[in-house]
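Q: Got a two-chain model open here. Can you walk me through it?

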Amino acid sequence: MTDQPTSQPWPKFLDAALKRVTQAQPADQAAVNRVLTRLATPLPRQKVALWRMPAVLLDWQFAPAWPRVAALAACAVLGFYVGIAGLDRRFDQLDGRFAIASRADLGSIVFEPESLTGARP
Amino acid sequence: MDDSDEALMARVARGDEAAYRLLSRHHVPVMLGLARRILGNAADAEDVAQEAMLRVWTHAPRWQPLALFRTWLTRIVVNLCLDRKRRAPWVELEAAGEIVDPTPDAGEQAEQSERDRLVAKATAELPVRQRTAIVLTYGDGMSNAQVAEILDTTVSAVETLLVRAKQNLRRALESEIDKDE
């Protein structure tokens, strides 16, 4: 190039000029504040990745929810009691019922007559 | 507490708004400057910086620390700038006449300032991908590999962009000098 805009070799001139022209200017604080103010409004909902769901479940912390865990445990105990005793029997009568039931069951198993011959063991 | 970008992003991914505000304060000034240099328009640059930071918030749970956060954010800003340039016509680079020059001699400074104005004008008229490659390479001092990652292309494609940009600049500057003469 014969008509160079400077006495420097062309590539060197252009590189130096491009560095000066495209270098970052000091931030306009007013513009920065405007953007930050606009970002201060309520933020939109985040997009949760499906591949993160297992991690989310594993990361669950029960510490803030101990009352709910206690309620769940109480429900489990109540369910166990009702399942064992039924709704028509008091808890202190459970032993007798078990004893009677076990005796009847053992007898029927041990002394059940043979179905075809009627013979007893 | 660890205030690195990656640590803050991990907190943002869990919905921590305080970490997000801190991250925004760190990066908005730089991203605003980058968008302004690519777009040549302050108002559009503000919109792009805001949109980029909102995307950081919404996509944070999907972010994986495979690359530097800064590279990821730069990529978002550049993509938003490219989208915007596809839609809107070019607006003259506002900072073209305000270039700081460290040369001590006043006459030479004025001459260099005029040359820089011509270079800035020619740069502003480049196709947007070429201009982006120039801004990232010369303005931010990035390597061709980093520019390729941000522009989602190959290193050789970046080299081609830079060569073509310089050819276009040379052509534009020659015609400007011819006009002046």
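A: Helices (H or I, at least four residues) and strands (E, at least two) are DSSP runs, numbered from the N terminus. The model is predicted: local features need pLDDT of at least 70, side-chain atom pairs count only at pLDDT 80 or more, and totals for chains, interfaces and linings use all residues. Residues are numbered from 1 along each chain as its sequence is written, with chains lettered from A and ligands numbered from 1 in the order in which they are written.

Q: How far does helix H3 of chain B reach from its first C-alpha to its last?
A: 25 Å, close to the 26 Å expected for its 18 residues, 42–59.

Q: Which residues of H3(B) are buried?
A: B:Ala45, B:Glu46, B:Val48, B:Ala49, B:Gln50, B:Ala52, B:Met53, B:Val56 and B:Trp57. Buried means 20 or more other C-beta atoms within 10 Å of a residue's own; 12 or fewer is exposed, in between is partly exposed, and C-beta atoms are placed from the backbone.

Q: And what covers them?
A: The cover includes H1 (5–13), H2 (17–39) and H4 (69–87) of chain B, plus H2 of chain A.

Q: What's the secondary structure of chain A?
A: Five helices and zero strands. Of its 121 residues, 7% count as buried.

Q: And chain B?
A: Eight helices, zero strands. There, 38% of the 181 residues count as buried.

Q: Back to packing. At what angle do H2(B) and H4(B) cross?
A: Roughly 35°, with the axes coming within 10 Å. Axes are lines fitted to C-alpha atoms, for helices over the stretch in contact; angles run from 0 to 180 degrees between N-to-C directions.

Q: Which residues make that contact?
A: From H2(B), they include B:His27, B:Met31 and B:Leu34. From H4(B), B:Leu73, B:Thr74 and B:Val77 are among them. By class, the contact has nine nonpolar, two polar and two charged residues.

Notes:
Expected span 1.5 Å × (residues − 1). Contact = placed C-beta atoms within 7 Å. Nonpolar A, V, L, I, M, F, W, Y, C, P; charged D, E, K, R; others polar.
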